[in-house]
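Take a walk through this model. Begin at the ligand, then move to the core and the backbone.

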Amino acid sequence: MTPTDLRPLGKTAIRVTGIAMGCWPIAGVSSLGVTEADSLRTLEQAVDSGINFFDTAYCYGYDGESERLIGRALGKRRDQIVIATKGGIHWENRKQARDASAATLKRECDESLSRLGTDHVDLLYLHAPDPKVPLAESAGALKDLLDAGKTRSVGLSNASVEQLAEFAAICPLSAFQPHYNMLQREIEQAQLPWCVENGVSVIVYWPLLKGLLAGKLPRDHVFDDRDGRKKYPMFQGAEWFRNLDFVEELREIATRAGRTVAELVLNWTIHQPGICSALCGAKRPEQIQENARGMGWRLTAAQIEEIAGALIRRGASVSRGAVT
Ligand SMILES: NC(=O)c1ccc[n+]([C@@H]2O[C@H](COP(=O)([O-])OP(=O)(O)OC[C@H]3O[C@@H](n4cnc5c(N)ncnc54)[C@H](OP(=O)(O)O)[C@@H]3O)[C@@H](O)[C@H]2O)c1
């Protein structure tokens, strides 16, 4: 990989790859058929494929399973990787609940470090603002953890521009993590320009729209009742078929470029102005290997234009999903 594939994280000295591995699917909560062996091999394959950036959270797994897997698979390669985790969301009776009080964030950070088998993470996010806790309290707790050296930088996920500004006034902010992909581009209105202006890296989730934009799901795909994706409108009815028509347009462009749909989609995403890195969830080594091939090259101006045409024909954005 060339050094140009590495991007600065906010105003820090940390450098991350444009493609990152999202470590939610390996935790086994909403995904099916993922074995522990698959997860460990997928993590190792990510590093072997040139990815240095791993995104997890306390709540990825009912009991921190994702963090434990990262510690086990990549502990020996700790100095080669950048680990981001998040606090402020936990599970209660298999339902997600928020608690971003200072005491909870500090306790969760210590627990995350222990599961990851490290004395610091590189990036610690507030997973989402907690309406029951003043944002200033959560930001103050993360500033304390930064000052204590338990994290090298701080981020905020799932926040409005007003919340970003309020948080940044209290704690140096290096990263913002919203959802963003070809079909969900709301952040281009306010958060993305604010981050560019304030030197905050935008690290996006769902670049493949939960696998839809990977171009492998057949039109007659039947989602298992336990597959977390089944609940999202983007996988149902007319919206599902409109999305698949769009994927077919992308496939034509990708095939002519000698790329897969996932490679094309990811390359487009990480070269959008202001986007630092795309978090790609993967369950198997071959998926993360393909996703890593989304970096290290550039779409031509003509290909970008063709994609813009397909986006115009696809029309309005698809519906919003839930926070994980
Ligand atoms: N901050 C937040 O609130 C928040 C919220 C959501 C996600 N995230 C982060 O963002 C990451 C990405 O989100 P995500 O994992 O939910 O969804 P995603 O990256 O949009 O999609 C992941 C799924 O797509 C499929 N896939 C991935 N690569 C593929 C390939 N090359 N070919 C075919 N299928 C492929 C796999 O599912 P199948 O094999 O089953 O099709 C995989 O589980 C998460 O892992 C997490 O780190 C953060």
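Predicted model: local features only at pLDDT ≥ 70, side-chain atom pairs only at ≥ 80, totals over all residues.

How many residues surround the ligand, and which are the closest? The shell holds 28 residues, and the closest are Gly-22, Trp-24, Tyr-205, Gly-211 and Gly-281. Residues are numbered from 1 along each chain as its sequence is written.

By class, the shell has 13 nonpolar, 10 polar and five charged residues. Here Ala, Val, Leu, Ile, Met, Phe, Trp, Tyr, Cys and Pro count as nonpolar, Asp, Glu, Lys and Arg as charged, and the others, Gly among them, as polar. β12 (275–281) and α9 (285–292) each supply at least two shell residues. Helices (H or I, at least four residues) and strands (E, at least two) are DSSP runs, numbered from the N terminus.

The largest nonpolar core has 95 residues; Ala-20, Val-265 and Cys-280 touch the most other members. Helix α8 (residues 261–270) gives the largest share, seven residues. Such a core joins buried Ala, Val, Leu, Ile, Met, Phe, Trp, Tyr and Cys residues through C-beta atoms within 7 Å. Buried means 20 or more other C-beta atoms within 10 Å of a residue's own, exposed 12 or fewer, and partly exposed in between; C-beta atoms are placed from the backbone.

Last, the backbone. Lys-210 has a positive phi near 55°. Lys-210 sits in the loop between β11 (201–205) and α7 (237–257). It is buried, because 24 other C-beta atoms lie within 10 Å.

Key:
Near = placed C-beta within 6 Å.
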